[in-house]
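Morning, everyone. I have one structure to walk through today. Please have a look at it before I start.

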Amino acid sequence: MAAALEIADLSVVYGGANLALEGVTLDVPEGGFVALLGANGAGKSTTLKAISGLLRFENGQIRKGHIRYMGEDITRMPSHQLARRGILHVREGRFVFPSMSVEENLEAALFARGKRGPALAGDRYEEVFHYFPALRERRRSQAGYLSGGEQQMLAIGRALFAQPELLMVDEASLGLAPKIAAEIFAILKQINGERRLSILVVEQNVSLALKSAEYGYVLEAGQITEQGDSDTLMDRENLSRRYLGGARKDTEH
Ligand SMILES: Nc1ncnc2c1ncn2[C@@H]1O[C@H](COP(=O)(O)OP(=O)(O)OP(=O)(O)O)[C@@H](O)[C@H]1O
Ligand SMILES: [Mg+2]
């Protein structure tokens, strides 16, 4: 399958001399579901920020390499322009507007695609609520009162509302009960299958991500050290122990 997203030899620095990413090369096929795995500080979020044009707000800099989307060089395209192209990034920490209702949070996504106002919104609500029925029941509740799982669903639902072509999700499972995290990954898989949009997830939970993704990359101290089909990676015994050190960040909160 043709690559929707192609990252070639990407290196990133923040301020000092250390490279946060060093020669990262990865592809997301059109309609594919890819997982980027790695421990704390490996450079997973940095990779997503580089793709979605957020690095300059973080004082990060692309030293070398290219990012292409559908054949077009997007390496230095600003984030609002990328969002208009349908490249949407659900950031780490399930960011929602706490004092706004679920519906208002969803509508905020229209700004991302440059379509102001509620035009066409009806069908989009149906689509989001089809995948996340829990949100339908809470549609008029303030987002700040939702459970952690529901807030994560809302953060993903908001991106979906903007009708993405490439959906990137940073640590969807963070701080959530295993059952809820599994549910969210199953929904992402369903969306990927039914909508044929391309998905790139970042995860510390290897087995969870590889159950939904077709292909995985392991990032270690800014470099890709391992990659393969999900089944192959899963079969590599002790992958999570070798690369990910076992401890999960969400236990620290
Ligand atoms: N804004 C920043 N300024 C300086 N250094 C940063 C910044 N953001 C990240 N870094 C550094 O870049 C490296 C990669 O960080 P990144 O956030 O991409 O890791 P990660 O794999 O997403 O980790 P985590 O699992 O903890 O979210 C780390 O060494 C981190 O300290
Ligand atoms: Mg991160």
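Which residues of α1 are buried? The list is K44, S45, T46, T47, L48, K49, A50 and I51. So α1 is mostly covered, with 8 of its 8 residues buried, where buried means under 20% relative accessible area, exposed over 50% and partly exposed in between, using a 1.4 Å probe and protein chains only. Helices are DSSP runs of H or I with at least four residues, strands are runs of E with at least two, and both are numbered from the N terminus. After α1 comes G53, and its phi is positive, near 75 degrees.

Some ground rules. This is a predicted model, in which local features need pLDDT of at least 70, side-chain atom pairs count only at pLDDT 80 or more, and totals for chains, interfaces and linings use all residues. Residues are numbered from 1 along each chain as its sequence is written, chains are lettered from A and ligands numbered from 1 in the order in which they are written, and side-chain values use heavy atoms, with hydrogens and water left out.

Now ligand 1. There are 15 residues around ligand 1, and G41, G43, K44, S45 and T46 come nearest. A residue counts as near if one of its heavy atoms lies within 4 Å. The largest share of that shell, 3 residues, comes from α1. By class, the shell has 4 nonpolar, 6 polar and 5 charged residues. The classes work like this: Ala, Val, Leu, Ile, Met, Phe, Trp, Tyr, Cys and Pro are nonpolar, Asp, Glu, Lys and Arg are charged, and the others, Gly among them, are polar.

Next, distances from oxygen atoms of the ligand. An oxygen atom of ligand 1 is 2.8 Å from a polar backbone atom of G41. For N40, an N or O atom in the side chain is 3.1 Å from a ligand 1 oxygen. For Q204, the side-chain N or O atom is also at 3.1 Å from an oxygen of ligand 1. How much of ligand 1 does the protein cover? The protein covers 64% of the 630 Å² of accessible area that ligand 1 has on its own.

On to pockets. A pocket, on a 1 Å grid over the protein atoms alone, is an open set of points where a 1.4 Å probe fits, with protein on both sides within 12 Å along at least five of seven lines; lining residues have an atom within 4 Å of a point. The largest pocket has a volume of about 560 Å³. Its lining has 22 residues, and L88, H89, R91, A112 and R158 are the closest to its centre. At least two lining residues each come from α2 (79-84), β6 (87-90), α4 (109-112) and α7 (148-161). The largest share, 5 residues, is from α2. By class, the lining has 15 nonpolar, 4 polar and 3 charged residues.

The second largest pocket holds about 170 Å³ of space. Among its 13 lining residues, L55, R56, I62, T75 and R76 are the closest to its centre. Two or more residues each come from α1 (44-51) and β4 (60-69). Here β4 gives the largest share, 3 residues.

Last, two single residues. L154 is found in helix α7. L154 is buried, at 0% relative accessible area. E203 is found in strand β8, residues 198-203. E203 also counts as buried, at 0% relative accessibility. The E203 side chain reaches the backbone nitrogen of N205 at 3.0 Å.

Definitions and conventions: Points joined across faces, edges and corners; volume = space filled by probe spheres on them. Polar contact = N/O pair within 3.5 Å; in protein donor to acceptor, adjacent residues only side chain to side chain. Areas by Shrake-Rupley, 256 points an atom, 1.4 Å probe, with all protein chains shown as cover.
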